[in-house]
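Here is a short report on a model with its sequence. Please keep the view open while reading.

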Amino acid sequence: MAASAEDHRQRFDEWLLHLDPFALDDLDVTALAQRARQDGVSLPQLTFLTVIAETDEPFAALRHGAGHAVTAERQTAQGGLLCTEANGRQYVVGLWRSSMERVHHIVASVPVTDNRWRRVEQTWLAGAAPRLAPVILNKHDFEDVGDALSEHGTVEVSRLTARVLKDNSSYTRGWQDKIARRPTHRQAMAETSDMLVRTVMLSVGDRLSVHLRRHAGATYYRGDYGLFCKVILRRLTSAAAARLKMLTGRERHPSQPITESLIMRLAESALSTSKERTKLLETVSHISNVQVAVYHRNPYLHFAVTDYLDGSNLDVFVTEDDRVSLLPGYHASVGSLARITDVIGEALGMIDLETEATDELIADEEFFVG
Amino acid sequence: MAGADEHRRLYRLYDRRVDLVSVAEVWFTRSKALAPYTAHFERFPRLVHPIDGNAATPDFTVLFNDDTALVGELAHIAPGTSAVERLAGQIGRYETLRAVPWGPSDASGLQPLSEVCGVDVVVFAPVSGINQAIDELAEMIADPEHPYSPEHPPMLLSYSYDADDGSYTFQRPARGRNEHTRDHERQEGLGRWLKRGHDELRGLPKHFQTIKASARFMNDEPPQLYIATVLWNFVLPDIAASRDIELPANLTITEQELVERLRDGYGYAASIDLVRRALDFLRVARLGEPAVDGWRVYYRNLGRVSRDISEALLHEHYSKANKTRRIRLAAPAEPVADDAEAAEAQRADDVRAEAIEIGDASLFEEFDSVEEVGGQPSSAGADEPTAE
């Protein structure tokens, strides 16, 4: 009788947790498949979440977030492993450093839809915030991943989920390969011009099968793990590194004017009504450990945000229908900015986050009425 | 709850005034037309009048490259009162200023001054009552017996907020002696600019948002709720972060420290008295109390009371329930030996707290029976007065 996926998964976790200390220290996340194969262990599906760290001890932060759930742990040169238990079944959650400084991958063999992973992604990460913060991918990231994979074979999408921005409804599309040829990633994406893509399940011929998620996550199902690392992990890493760079050093400095702001670009008219602006306000004010203070509304909206996790603070302005301006205060950590921008971006359908100079002179026409 | 509503009204009015000064700052420092002629815009001028030796605190001053200046005042002119008479007395003094700031205050609070050879005065006033004010000022100027006799009359601009597009509109009513500013030898100035704009100008939040976030205040003293909110929103968490203190925390601060934070952070020279009143607001709200070494502020998330900080502060300020229980610390206090009475009180408070249903007070709701639960009872006695 063939081993079940759960047996397969448990065997891999057991192997990883008891790996020789020196071997574990030397083991890079991209070499997992090769090393497991050497020991006669096959790779199960692996769930990845890429996070940025505002701490020199990211494993300690994750350990803190996990709290009493941990039954065993191993700190390694690459990060560390936490063993935990749910419904009498053990599983291992690993923190692995990436090729970029302060960008790490949280990896486990449990499926992304499983409560065991949800506990990691929701409870543990909430406890590790703001020292560890996930990031979100935008449409370009999805397209770039598909483009890069298409150099290695025909990319076909079998399932795509999205959120329709205008009415917040969900959109799910699946393609059976028996009936018609599945679309390429570009073809599938073309159907989502007014949507926020949340997940894409795709394959590269017979070489690789993966699941990509907006929350800087991916699942390796089967196939060429090297290709998964080379294209997908690299893209997750670079997206996180770009976000890290954008959010680093955003604090104000005394006696210096604000010369740059963070701009979240949204779909046209995304904030054109008071209902949508109220939604923004309520979205932010319901982030855990966050409180807002409204200074002005109707219709230009100005509120300030205080993050009680580490005291970070920022001003938020909505003065145009398709953008949110974020002006970090004197204390604004990367982790706090990441979690706040991610929640806003997720609620309102962020197209992009960018910086904008605010010290340019303004033409007269902007001041004249009519 | 008239008291609470008055706090809210003053909060909104002050924020409006912060916006208006920020609009002026944009005009003079960021517009292609005027910025090249501006040497310094000061939103917190603290001057001593050269003739009477008394303080002069207009709402903003602009020093131009040609050694002239513009002094701005935000006025609320209530028709049928002596407000215009008082305004005349005020702006009459501004016109005779001999120097205005050319840079921000230094660490000691002193503003470097630059002598000027001519001063234009601009008054921003709400639309209602401005025509009457212009007419009354014209009558004063025409009256040789009246002490108000400016070398050049002030320019009054009405302001209004357009809720359809979220912008401010400024208009110069063409009546009485409401002439354009002289603009002296400059090729471009507010008066000439206004003429080109057919006597109307706009103030867009997208232009002034960075200025507003940078400065937060204008030259008038903020109302208690406004300053308390800024402290809770920005200053107190900044202090905790700079000391590497984890939140929630029982923060020990001094009034002087807050004065310096407000000055260094936002350029606003808050008085000790203002800071003390803000802290007293927190004291009544049971979120702080005087201590031997300054003040102890029990800094924590007030989100269970209201998602909005100013509303949560207001709620705590007016809450009758929190006046009858022991003050709640934000973090555990140092252990106190032989404090059985305190421990018993803590247990009683905990039981009481558990009995209170926690609601999720939505934004801007009126006060209800929502009570914050959590925190640690202080060893201090429950002897606070009821706020109302």
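Which residue takes a positive phi in the hairpin of E9(B) and E10(B)? B:Gly166 does, with a phi near 65 degrees, in a hairpin that has 4 residues between the strands. This is a predicted model.

**The hairpin in chain B**

Strand E9 (residues 155-162) and strand E10 (residues 167-171) of chain B run antiparallel and are joined by 5 bridges. Within this pair, B:Tyr161 stands opposite B:Tyr168. E10(B) is also joined to strand E11 (residues 200-203) of chain B, again antiparallel, by 4 bridges. There, B:Thr169 has B:Arg202 as its bridge partner.

**The two chains**

| Chain | Residues | Buried residues |
|---|---|---|
| Chain A | 370 residues | 48% |
| Chain B | 388 residues | 46% |

Chain A holds 10 helices and 17 strands. Chain B comes to 10 helices and 16 strands. Of the contacts in chain A with a separation of 6 or more, 64% are between residues 24 or more positions apart. In chain B that share is 70%.

The C-alpha atoms of chain A fill a box of roughly 80 × 50 × 35 Å along the principal axes.

**An open sheet in chain A**

6 strands of chain A make an open sheet with antiparallel pairing, in the order E13-E14-E15-E16-E12-E17. Its edges are strand E13 (290-296) and strand E17 (352-357), each pairing on one side only. On average, neighbouring strands of the sheet are turned by 25 degrees against each other, direction ignored.

E13(A) pairs with strand E14 (residues 301-307) of chain A over 6 bridges. In this pair, A:Gln291 is opposite A:Thr306. The loop between E13 and E14 of chain A contains A:Pro299. The peptide bond from A:Asn298 to A:Pro299 is cis, with omega near -20 degrees.

Which helix of chain B lies across E13, E14 and strand E15 (312-320) of chain A? Helix H6 (residues 224-242) of chain B does, running at about 45 degrees to E14(A).

**A helix with a buried side**

Helix H6 (residues 139-150) of chain A has 12 residues. From its first C-alpha to its last, H6(A) reaches 17 Å, close to the 16 Å expected at 1.5 Å a residue. The buried residues of H6(A) are A:Asp141, A:Phe142, A:Val145, A:Gly146 and A:Leu149. They cover an arc of only 135 degrees around the axis, so they sit on the same side of H6(A). These buried residues pack against several elements of chain A, including strand E7 (155-164), strand E9 (195-204) and helix H8 (225-247).

Most residues other than glycine have a negative phi, and most peptide bonds are trans.

The peptide bond from A:Ala129 to A:Pro130 is cis, with omega near 0 degrees. A:Pro130 is in the loop between helix H5 (115-128) and strand E6 (132-134) of chain A.

A:Asn87 is not a glycine, yet has a positive phi of about 50 degrees. This residue lies in the loop between strand E3 (79-86) and strand E4 (89-97) of chain A. Is A:Asn87 buried or exposed? A:Asn87 is exposed, with 6 other C-beta atoms within 10 Å.

A:Asn168, also not a glycine, has a positive phi of about 65 degrees. A:Asn168 lies in the loop between E7 and strand E8 (170-174) of chain A. A:Asn168 counts as exposed, because it has 11 C-beta neighbours inside 10 Å.

Key:
Residues are numbered from 1 along each chain as its sequence is written. Chains are lettered from A and ligands numbered from 1 in the order in which they are written. This is a predicted model: local features need pLDDT of at least 70, side-chain atom pairs count only at pLDDT 80 or more; totals for chains, interfaces and linings use all residues. Two strands pair if DSSP finds at least two bridges between them. Helices (H or I, at least four residues) and strands (E, at least two) are DSSP runs, numbered from the N terminus. Axes are lines fitted to C-alpha atoms, for helices over the stretch in contact, and angles run from 0 to 180 degrees between N-to-C directions. Two residues are in contact if their C-beta atoms, placed from the backbone, lie within 7 Å. A residue is buried if 20 or more other C-beta atoms lie within 10 Å of its own, exposed if 12 or fewer, and partly exposed in between; C-beta atoms are placed from the backbone. The expected span of a helix is 1.5 Å times one less than its number of residues. The arc is that of the directions from the helix axis to the C-beta atoms.
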